[in-house]
Amino acid sequence: MSQKGKKVIAIILGGGRGTRLYPLTMDRSKPAVPFAGKYRLVDIPISNCLNSGVNKIYVLTQFNTASLHNHIVNTYQFDQFSGGFVEILAAEQTYASESWYQGTADAVRKNLKHFSDHEADYYIILSGDQLYSMDFQLMLDRHIKAGADLTIAAKPISRQQATGLGIIGADENGMIKSFYEKPAPDMDISQYKVPNKFMQDQLKQDVNASNEYLASMGIYIFNAKVMEEVLNNDETDFGKEIIPEVIKTRPVAAYLFDDFWEDIGTIKAFYETNLNLASINPSFNFYNEEMPIYTHRRHLPATKMNFCNISYSLASEGSIITNAYIVNSIVGVRTIIESGASLDGVYCMGASRYETEEEKIENARKGIPNIGIGKGTIIRKAIIDQNVRIGDGCRIGIDDIPRPEGDYEMYSVHDGIIIINKNAVIKNGTVM
């Protein structure tokens, strides 16, 4: 139950193949990608829901669901009195449909039969690859007071930022009258500027060059019956098809959100957003006890650091770091970093388990490095996926050698960032 006794169901869109985050999505779905050292991307929208009093949550996905399923089952367990749940709905063949999800709207449409049992009053539609902290009750308040059939969360942005986003045109009362998807840099979109009265009413600030347009955040609240009605067609995507049509025929409100929000659906955005968390004043606050981000409880020991030089970095629990130089980096859970190693601008996702001494001895006989980062290895501007074995004396991303973009046997290069694949084995002395 939520606002005024109304029932709210949250639907998190897990996305498709996650090609923009490949190879991190090679063996896992996008919502299951490790984030910020100890979390998964799906923890962000789920935590926002729980912090907002919304505890009936569905996650829609269709690719590589095993890792996501394990994480959710082991993390989000509710007592029998709360009535809460987090449930994965993967694409399935039925007598009515044999196809996979064809888009965001199609994914929701094909699962309406599962949602209908709850007799919800409102649906909250969320993305599985964004970083933000929002109280959805405030957005629901705005939705109800505006008498809207649909409310869209909107981020004030500059004209320069508008090129890559869906732009909302609203009146002085914040009711949305038009929508334009990703306008070209030289296109005149002045008619979409946010009215100063609406900005003052909602955020108590004047419009200026840094906030003169409104971008859709891909976060929606629908009246339940309205969503069921507007999905009674063959259109497949919310942003491109459903939302523009709803704006033409029904009352649609904007909810202004003027805090940190980042779409982290690409390798570049993923890398930069992660490393920003390790800065002195990160853009996103993971230390807000009133709006915590939840994740799997691992019951690991504190990280051990022996004779290290570490700055502007995060170290997750269960790691052992010895005589290492680490700057502008994130060290994930159970990461073993040996003596003399150097990391600069590296997100190391860590390991899912510790190796036994017997395993280490056996692997040494075969010339296989231990899980972690070996002695004297130097790494710059890289993402190291889970359970990677990097041997001694390796040089990754530091030498002036050509690195063509692409995907290779053990690694990939995207946006100039080296990504070492999950479970990869990088032998001693490798230069990459």
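Buried means under 20% relative accessible area, exposed over 50%, and partly exposed in between (1.4 Å probe, protein chains only). At 66% relative accessibility, R365 counts as exposed. This is a predicted model, in which local features need pLDDT of at least 70, side-chain atom pairs count only at pLDDT 80 or more, and totals for chains, interfaces and linings use all residues. Residues are numbered from 1 along each chain as its sequence is written, and side-chain values use heavy atoms, leaving out hydrogens and water.

**Salt bridges**

- A salt bridge here is a side-chain nitrogen of Lys or Arg within 4 Å of a carboxyl oxygen of Asp or Glu.
- The count comes to 18 salt bridges.
- R365 pairs with E362, with the closest N and O atoms 3.3 Å apart.
- E362 is partly exposed, at 33% relative accessible area.
- K193 and E212 form another salt bridge (3.6 Å, N to O).
- K193 is partly exposed at 40%, whereas E212 is buried at 15%.
- D106 meets K110 in a salt bridge at 3.0 Å, N to O.
- D106 is buried, with a relative accessible area of 7%.
- D106, R109 and K110 are linked in a salt-bridge network.

**Nonpolar cores**

- A nonpolar core is a set of buried Ala, Val, Leu, Ile, Met, Phe, Trp, Tyr and Cys residues joined through side-chain atoms within 4.5 Å.
- The largest core has 41 residues, of which I11, V108, I125, F222 and F238 touch the most other members.
- A second, separate core of 30 residues includes C49, Y76, Y122 and Y132.

**Residue I373**

- I373 is buried, at 2% relative accessible area.
- The C-alpha atoms of I373 and D259 are 37 Å apart, and the two residues are 114 apart in sequence.
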